[in-house]
Every structure is written in C-alpha cells, then in structure tokens.
Amino acid sequence: MKKMIAPSMMCVDFMEIGKCVRELERCGADYLHIDIMDGSFVPNYTLGTDFIRALKKNSTLPLDIHLMIERPEQKLDWFTFGEGDYVSIHAESTPHLQRALTAIRVRGAKPMVAINPATPVCAIKHVLDDVDAVLVMTVNPGYAGQKLVPATLEKIREVRKYLDQSGYAHVKIEVDGNVSFENASYMSKAGADIFVAGSSSAFAKGATLDQNMARLRESIE
Ligand code: DX5
Ligand code: ZN
C-alpha cells in the first residue's frame, strides 16, 4: 500500500496560506489535513467551515477533515466535502457512531473512525464495515506541538493486526500527533499508512517545506 502524507493546515503560516498550499501541491502532499475543533470535545478552536470551502475552491488536493466535535452527525451538512475526501469522526464524540459514519458515506466521502490514546481498540470493532480508515491519535487531540503518547505505537500494531486478521486488510491506518521524522519511521513499521505532518515534520523549523516533506517521505518508505 502506498504511504501517504497529509500536512496539517493548522500548522501553516496563516499569512501565507495560498503560497503554502501551492508548495504542498508541488512537493507531493497526498491530502490536506484540516482540524476542526469545537471547544467542547477538545479544549481549543482552530479552523472552520469557510476555511474548508476556500481550500475546496482553490486546491485540487483531496481533503482529510478531522472533526474533533461533539455529535458530528448533527453538523455534517455544515461542511463541504465529497468524493475522494476523508472525513474522520471520533468514537468518543457520539452515541451514534455507526449512523454518523454512514452519513459521511452517503454524502460521498470516505468515512474514518478516530480513537483517542486511551480509547481501546475494541471501540472500532462494530463499525469496520462502515469505514475506509482508522485514525489512531498518537497525542490527545487539541493542540499541535505535543509529545507522542508512547503506548500508541503498540496500539498501531494492534489495530493493524486486528484489521488484517478480521478481513479488513483494505482499511487504512492514519496517525496524527507528533509524527516526527523519527516517530514516523516507527509508526510506518507498526503499520500506519497515512501520516499527518504538523509542526514535528513538514512545518519543522530550520528547513524548507520541500526539504521536510522529502525527509518525511524517506522515513516512512
Ligand atoms: C492534533 C492535530 C494535529 C497536529 C499534529 O489534534 O490534529 O494535526 O497539528 O502536528 P504536530 O503534533 O506535529 O504538531
Ligand atoms: Zn488532526
């Protein structure tokens, strides 16, 4: 399976967004990762519906929309997404997880179920027919620039094994949080397919976006 990179748009220089998107298109980003926070499910606010609309209008790259919001099933119509885009929702964010994932599929996108570091792998067991990917959070969601929760490396391995053994080998694993050049290599070996590149890699200081993307590509392949 081809390994993919999804640079995190909450880490771009907001004064240079257009230029940065052009650069990401040039240096082989596979998706644009967009963090949506509601100040309730996670203690922060970041990007929003208009930002997604602007990206859809101005870039051909598919989106990877990460909804860190309570009761996502009630808010899906607020967001612009479609064929080729991933939309992830958290298993912890709704009592109607299966309904919400189905609603994403009905709207034409690829549903992804996300789990926080403390959420056990069995939380995804009964929705595997309804997803194209599992997002294993490798930090607690809410902020960029946090340290990896070490137990999540083993968790990636566990999810990969579980998917492969239960007939869901086609379901991809995304990792999000402190995907540094070093951590990304371990995550890749553990079975991750999609790497959210934030302040730890693509937007790390001291090198260009282009150099960082090439270095990350090297460490995951
Ligand atoms: C965490 C966010 C990430 C963050 C990851 O909730 O989803 O997108 O930007 O980047 P790092 O951890 O490298 O700053
Ligand atoms: Zn994210």
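How many cavities of 30 Å³ or more does the structure hold? There is one. A cavity here is a set of points, on a 1 Å grid over the protein atoms alone, where a 1.4 Å probe fits but cannot get out. Grid points are joined across faces, edges and corners, and the volume is the space filled by probe spheres set on the points.

Before selecting anything, note that this is a predicted model, where local features need pLDDT of at least 70, side-chain atom pairs count only at pLDDT 80 or more, and totals for chains, interfaces and linings use all residues. Residues are numbered from 1 along each chain as its sequence is written, chains are lettered from A and ligands numbered from 1 in the order in which they are written, and side-chain values use heavy atoms, with hydrogens and water left out.

**Stop 1: the cavity**

Select Tyr143, Ala144, Asp176, Gly177 and Asn178. Of the 23 residues lining the largest cavity, these lie nearest its centre; a lining residue has an atom within 4 Å of a point. The volume comes to about 200 Å³.

**Stop 2: the zinc ion**

Now pick ligand 2, the zinc ion. Which residues are its protein donors? They are His33 through NE2, Asp35 through OD, His66 through ND1 and Asp176 through OD, at 2.1 to 2.3 Å from the ion. Donors are N, O and S atoms within 2.8 Å of the metal (3.2 Å for Na, K and Ca), and since water is not among the atoms, sites may look incomplete. Along the chain, the donors are spaced H-x1-D-x30-H-x109-D.

Zoom in on His33, which sits in strand S2. Strands (E, at least two residues) and helices (H or I, at least four) are DSSP runs, numbered from the N terminus. His33 counts as buried because its relative accessibility is 0%, and Asp35 is buried as well, at 4%. Buried means under 20% relative accessible area, exposed over 50%, and partly exposed in between (1.4 Å probe, protein chains only).

The side chains of His33 and Asp176 are joined by a polar contact of 3.2 Å. A polar contact is a pair of N or O atoms within 3.5 Å; within protein, one must be able to donate a hydrogen and the other to accept it, and residues adjacent in sequence count only if both atoms are side-chain atoms.

**Stop 3: helix H2**

Move to H2, residues 49–58. Phe51, Ile52 and Leu55 are buried here. They are on the same side of H2, because they cover an arc of only 100 degrees around the axis, taken from the directions from the helix axis to the C-beta atoms. Among the elements covering them are helix H1 (17–26), strand S2 (32–37) and S3.

**Stop 4**

Next, select Ser59, in the loop between H2 and strand S3 (63–68). Is Ser59 buried or exposed? At 10% relative accessibility, Ser59 counts as buried. Leaving aside neighbours within four places in sequence, Ser59 is in contact (heavy atoms within 4.5 Å) with Val21, Arg22, Glu25 and Leu32.

Glu25 belongs to helix H1 and is partly exposed, at 25%. The side chains of Glu25 and Ser59 make a polar contact of 2.6 Å. A polar atom of the Ser59 side chain also lies 3.1 Å from the backbone nitrogen of Leu61.

Technical notes:
1 Å grid on protein atoms, 1.4 Å probe; cavity = no way out; pocket = protein on both sides within 12 Å on 5 of 7 lines; lining within 4 Å.
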